[in-house]
Amino acid sequence: MKLITTITALVFLASIQTMAQKTLADATKGKFLLGVAVNSQQVDGVNPIETELIAKEFSAIVPENCMKPQPIHPEENKYVWDSADKFVAFGEKNKQVVTGHCLIWHSQIGKWFFIDADGKDVSPEVLKERMHQHILTVVGRYKGRIKGWDVVNEAFEDNGTYRNSKFYQILGKDFIKYAFQFAHEADPNVELYYNDYNVETPAKCDAIVQLVKELKAAGCRIDAVGSQAHWHMNSPTVDATETSIKKLKDAGVKVLFTELDISILPSPYDGANVAANFKYSKEMDPYKEGVPDSIQQKWNKRMLDMFGLFLKYNDVVDRVTLWGLTDNTTWLNNFPIRGRKDYPVLFDRNNQRKPVVDEMIKMAKKSK
Ligand code: XIL
């Protein structure tokens with residue numbers, strides 16, 4: 001009898017324990033923030049289940065689109081705040097850490113930013129002043145309410161050379177330094193990040209480390225490098241990822257995994273430049289009816305291997321953010337090929353948490 005009572009009590013205690021730590025965000029608390037990219041429909045509650053999951057399962061949010069230069073600043077003298085205001089208020093209501101994405105980027109930016117009334121490229125002085133105004137206005141509006149900003153996004157090619165963007169053509173590499181200076185001027189307390197994809201590629205990682213050194217030498221604040229982590233089944237390797245974390249740690253910055261998704265599909269392209277676009281074919285869309293168990297197991301292992309790294313380096317890894325809530329809403333259904341079915345994130349097409357999350361919770365609880 002006594003034994004039965006003891007067992008019942010133990011089962012009861014264990015279930016309380018599971019209830020207390022039932023989300024991955026709870027399990028990673030004190031190690032790193034667990035974030036998710038949120039779209040405007042989700043903030044608006046168009047599908048209430050999605051909105052509720054975002055509020056419950058994650059400790060941090062980032063806007064998938066609404067704070068990018070084009071949507072927030074479509075014309076020189078026009079800012080559109082509605083979605084961004086609602087997004088920030090949503091995070092506050094749910095007591096989540098809010099990050100801004102992104103201030104200076106070659107994609108999703110109005111053409112007006114770089115040209116004058118005659119359609120010619122503006123001078124370096126004019127572009128610098130436009131950056132200044134843009135950053136002061138956007139960062140200034142949310143001062144004190146946002147933990148950190150992706151200040152510059154994707155300034156490098158995979159081989160470590162500077163991307164030949166309009167910013168680079170007109171201002172040279174100093175555009176990066178200016179962006180960090182202006183963001184710090186706008187909010188001296190906000191954290192500042194450099195963000196890019198394929199950070200695990202050695203030449204690109206070395207270029208980013210060099211940038212961090214140059215920014216620090218110029219007296220700029222830079223808190224972290226964001227590795228977008230738009231990953232595939234075979235690349236990057238776990239080793240390459242670990243090496244990149246170590247290099248960034250040695251450079252004296254924190255590391256954020258800012259846009260994590262692991263595509264389960266074959267890919268014609270392993271970058272994340274949003275302009276990339278390849279033709280649809282059935283061979284490139286093999287899991288329309290569902291993912292075979294053997295492939296799912298491989299994906300799970302990959303997610304767990306990478307998650308193990310985040311835990312191992314949690315002294316420098318401050319945040320891990322999934323780029324999308326469910327397989328339904330992921331951008332990868334339309335990138336880099338339109339109209340496929342991908343399965344890259346932690347919730348499935350029925351808004352159910354994938355079984356791998358339980359494994360991740362167990363790992364997080366076990367790790368120091
Ligand atoms: C993507 C969004 O998810 C899509 O909805 C949009 O159409 C294009 O941009 N790197 C980034 C993100 O920094 O902003 C991109 O987000 C994905 C690649």
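Trainee: How many cavities of 30 Å³ or more does the structure hold?
Mentor: This is a predicted model, where local features need pLDDT of at least 70 and side-chain atom pairs count only at pLDDT 80 or more, while totals for chains, interfaces and linings use all residues. On a 1 Å grid over the protein atoms alone, a cavity is a set of points where a 1.4 Å probe fits but cannot get out, whereas a pocket is an open set with protein on both sides within 12 Å along at least five of seven lines. Grid points are joined across faces, edges and corners, and a volume is the space filled by probe spheres set on the points. With a threshold of 30 Å³ or more, the count of cavities is 5.

Trainee: Which residues are closest to the centre of the largest cavity?
Mentor: That cavity holds about 90 Å³ of space. A lining residue has an atom within 4 Å of a grid point. There are 14 of them here, and the closest to the centre are His230, His232, Gly271, Leu332 and Phe335.

Trainee: How many charged residues are in the lining of the largest cavity?
Mentor: Ala, Val, Leu, Ile, Met, Phe, Trp, Tyr, Cys and Pro count as nonpolar, Asp, Glu, Lys and Arg as charged, and the others, Gly among them, as polar. On that scheme the lining has 7 nonpolar and 5 polar residues, and the charged ones number 2.

Trainee: Which pocket does the ligand take up?
Mentor: A molecule sits in a cavity or pocket if more than half of its atoms lie within 2 Å of its grid points. Look for a pocket of about 460 Å³, lined by 27 residues, with Glu64, Gln108, Val274, Trp331 and Phe335 nearest its centre. The ligand's space is the largest pocket.

Trainee: How much of the ligand's area does the protein bury?
Mentor: Residues are numbered from 1 along each chain as its sequence is written, and side-chain values use heavy atoms, with hydrogens and water left out. Polar contacts are pairs of N or O atoms within 3.5 Å, and ligand oxygens come 3.0 Å from the side chain of asparagine 65, 2.8 Å from that of glutamate 259 and 2.9 Å from that of tryptophan 323. Accessible areas use the Shrake-Rupley method with a 1.4 Å probe. Taken alone the ligand exposes 420 Å², and the buried part is 84%.

Trainee: Which helix gives the largest share of the lining of the second largest pocket?
Mentor: That pocket holds about 260 Å³, and its lining has 5 nonpolar, 3 polar and 8 charged residues. Val291, Gln296, Asp327, Tyr343 and Asp348 lie nearest its centre. The largest share, 3 residues, comes from helix H12 (residues 293-312).

Trainee: What is omega for the cis peptide bond between histidine 101 and cysteine 102?
Mentor: Cysteine 102 lies in strand S3. The cis bond joining histidine 101 to cysteine 102 has an omega of about -5°.

Trainee: Which residue other than glycine has a positive phi near 45°?
Mentor: Look in the loop between S3 and helix H7 (124-141). The residue with that phi is glutamine 108.

How values were computed:
A polar contact is a pair of N or O atoms within 3.5 Å; within protein, one must be able to donate a hydrogen and the other to accept it, and residues adjacent in sequence count only if both atoms are side-chain atoms. Helices (H or I, at least four residues) and strands (E, at least two) are DSSP runs, numbered from the N terminus.
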